[in-house]
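Visitor: Please take a close look at a single part of this model. I would like its surroundings too.

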Amino acid sequence: MHQNLRLTLANRLIIAPAVALLVLGGCQANTVDYSVQDFANVRIMNFAPLQAVNMDVYFWQDGQSRPALVQTNAQAKSLRYGGGAVYTTGIPAAQGGTLYHYAACITTTPKIDAEGTMTLAAGKKYTLIITTTGGQNFTARVIEDRIAAANADTSSTYVRFINMQLGSPKLSVRVNDATTGAVIDMVNGSHGVAFNNNSDYVALKTATDTSFAFFVTQTGNPATGVIARLTDQTFTPGNFYTLIYAGDPARLPRDTATTDTARAQQDNIRLR
């Protein structure tokens, strides 16, 4: 006789199959073999600035066969430019990491436009970002998303910056003031976020009725002017956020970067 006992605790699934042993000359009590299965979480964003091009994204564990590239098998379906899917949860992953493969295709086509691998560790969150290096030359990368530690400063919000604007120089984000504000732009100890890269997280002190404005400028030369902005933003302390600049000039008002406004309709930075 086989029995399955399943107990879900937070992000851990404990599976306890009862194994009956047959011994010649008598019977022996059942032996229970406990194993632990952990999970990772992945979300997908499409920042390939192409008109009327949506993306489907598939991923599968190393050693398994690639699924058929039909939309019913996709983890993200018809993802439009600037769109972000919710986290796919319950992805089996070991504490030391489990290798997965991914493939991105233009919606309803079986041709792979971007592919690669990602190592997912138990209890962690990741973002897979799709973009292009020009035209329909797609590329993708995976970054780890932070989860607040038990001892995190609960009075601060943590913000990082991703530059997804093709053809841009290295960029920086300044907080509340375009020339003198605190800077969000550190990448491996150096200033400036190049295309398809992300900064480290920066802690911002938050309080009730406090809002923030963010200004994208050229690294080391804020006097050249504001490239993009996001204003009137409030945050929940203790959480982690991502600012993404991926302004497609063909889809934005010409005066977006020069008009001083507190209205999000004029802003061209996204907050995730």
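Guide: What follows is a walk around aspartate 56. The model is predicted: local features need pLDDT of at least 70, side-chain atom pairs count only at pLDDT 80 or more, and totals for chains, interfaces and linings use all residues. Residues are numbered from 1 along each chain as its sequence is written, and side-chain values use heavy atoms, with hydrogens and water left out.

Aspartate 56 sits in strand S7, residues 55-61 (strands are DSSP E runs of at least two residues, numbered from the N terminus). Aspartate 56 is buried (under 20% relative accessible area, 1.4 Å probe, protein chains only; exposed is over 50%, partly exposed in between). Aspartate 56 has no salt bridge (a side-chain nitrogen of Lys or Arg within 4 Å of a carboxyl oxygen of Asp or Glu). Lysine 77, the nearest side chain of opposite charge, is 7.7 Å away (Lys and Arg count as positive, Asp and Glu as negative; His and the chain ends are not counted).

The side chain of aspartate 56 does reach the backbone nitrogen of serine 78, at 2.7 Å. Beyond four places in sequence, the contacts of aspartate 56 include Gln71, Ala74, Ala103, Cys105 and Thr108 (heavy atoms within 4.5 Å).

Now serine 78. Serine 78 lies in strand S8. Its phi is positive, near 50°, in a residue other than glycine. Most residues other than glycine have a negative phi. Serine 78 counts as partly exposed because its relative accessibility is 35%.

Methods
Helix = DSSP H or I, 4+ residues; strand = E, 2+ residues; numbered from the N terminus. Polar contact = N/O pair within 3.5 Å; in protein donor to acceptor, adjacent residues only side chain to side chain.
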